[in-house]
Amino acid sequence: MIYALIGHVPMGHKHAYDNNSKRCKRKNLGLKAEVSCVFVMKKPKVLESLGLRKDWIYEAIISSYSGTLAHAAPMGISTPDHERLVAEIYKSSRTCANILEKKAYAVNLSFDVSLFYDSYNKKESLIYGRAENVEAPILANADAFLEISVTGSEDLGDRIRFTGKIAGYSSRREPGEIKLINRGDALALEALIAISRIPSASIEEKESLLREIARICRVVSRVAPGSAAEECVRVLSSRL
Ligand SMILES: Cc1cc2nc3c(=O)[nH]c(=O)nc-3n(C[C@H](O)[C@H](O)[C@H](O)COP(=O)(O)O)c2cc1C
């Protein structure tokens, strides 16, 4: 049975629905808007249903609390097994300190690059709601929200690798409508463009293009291992 995870419904109670497209409103903590959500999935199935591929890195916006102050920043997320969610976060960031403090955060999924821009460079414009199951804010303008409870952390030197479990999920769209951002395909196109410029490039330009192509190959393998994009850049760069 598919059931729904309800956040802050007006009565403040949790409900489970067997209808997969019930709508409700989340309180927005007295900020500018309510977050209207469609709640659709069993927690264990969320990552798979959203289409996350194991070990691929997806770009998202992580929101967290510093005390009671809501904060957000763009971050990469991945899953090794469709159960755990992983984020590697620089120790120098506020987000890292917040997650260490609260042991929780929210992953806001959006295909809107301007929301990424705002969460990096125009943070004062962000509108927040509140996650239901963990102590974290959510971004009112994102398409879907994963509530993450941190279960482990690993010190990687300049970063901390946080592992967490899905404590809640809600969305403003049906799962099939939620588009994820993975950089693999865009990077493969960049590599193709760089490769196509080589025949007419000067020696210096060619060296620079080859360095760029090698960098792209490394990043594609990191963000989309086993993908068609990785195979494409591997074959093309092996012929250079
Ligand atoms: C698309 C995108 C993805 C990012 N991914 C990460 C990441 O996975 N880990 C990280 O520590 N920083 C990442 N960053 C950089 C942080 O967003 C940036 O350092 C930010 O200033 C940290 O914010 P904070 O100090 O306000 O928490 C990413 C930035 C962008 C634009």
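Strand 3, residues 58–66, is mostly covered, with seven of its nine residues buried (a residue is buried if 20 or more other C-beta atoms, placed from the backbone, lie within 10 Å of its own). Strands are DSSP runs of E with at least two residues, and helices are runs of H or I with at least four, both numbered from the N terminus. This is a predicted model, in which local features need pLDDT of at least 70, side-chain atom pairs count only at pLDDT 80 or more, and totals for chains, interfaces and linings use all residues. Residues are numbered from 1 along each chain as its sequence is written.

Strand 3 runs antiparallel to strand 4, and nine bridges join them (two strands pair if DSSP finds at least two bridges between them). In this pairing Ser-63 stands opposite Ala-72 of strand 4. Strand 3 is also joined to strand 6, residues 104–109, by three bridges in an antiparallel arrangement, and Ile-62 stands opposite Val-107 there.

## The nonpolar core

The largest nonpolar core has 54 residues, and Ala-106, Val-107, Leu-146 and Ile-148 have the most contacts inside it. Such a core is a set of buried Ala, Val, Leu, Ile, Met, Phe, Trp, Tyr and Cys residues joined through C-beta atoms within 7 Å. Domain 1 (43–177) and domain 2 (184–238) both give residues to this core, so it lies between them; the domain bounds come from an automatic or database domain assignment.

## The ligand shell

The ligand is surrounded by 13 residues, the closest being Ala-73, Pro-74, Gly-76, Ser-93 and Thr-95 (C-beta atom, placed from the backbone, within 6 Å). Strand 4 supplies the largest share of this shell, four residues.

Terms used
A residue is buried if 20 or more other C-beta atoms lie within 10 Å of its own, exposed if 12 or fewer, and partly exposed in between; C-beta atoms are placed from the backbone.
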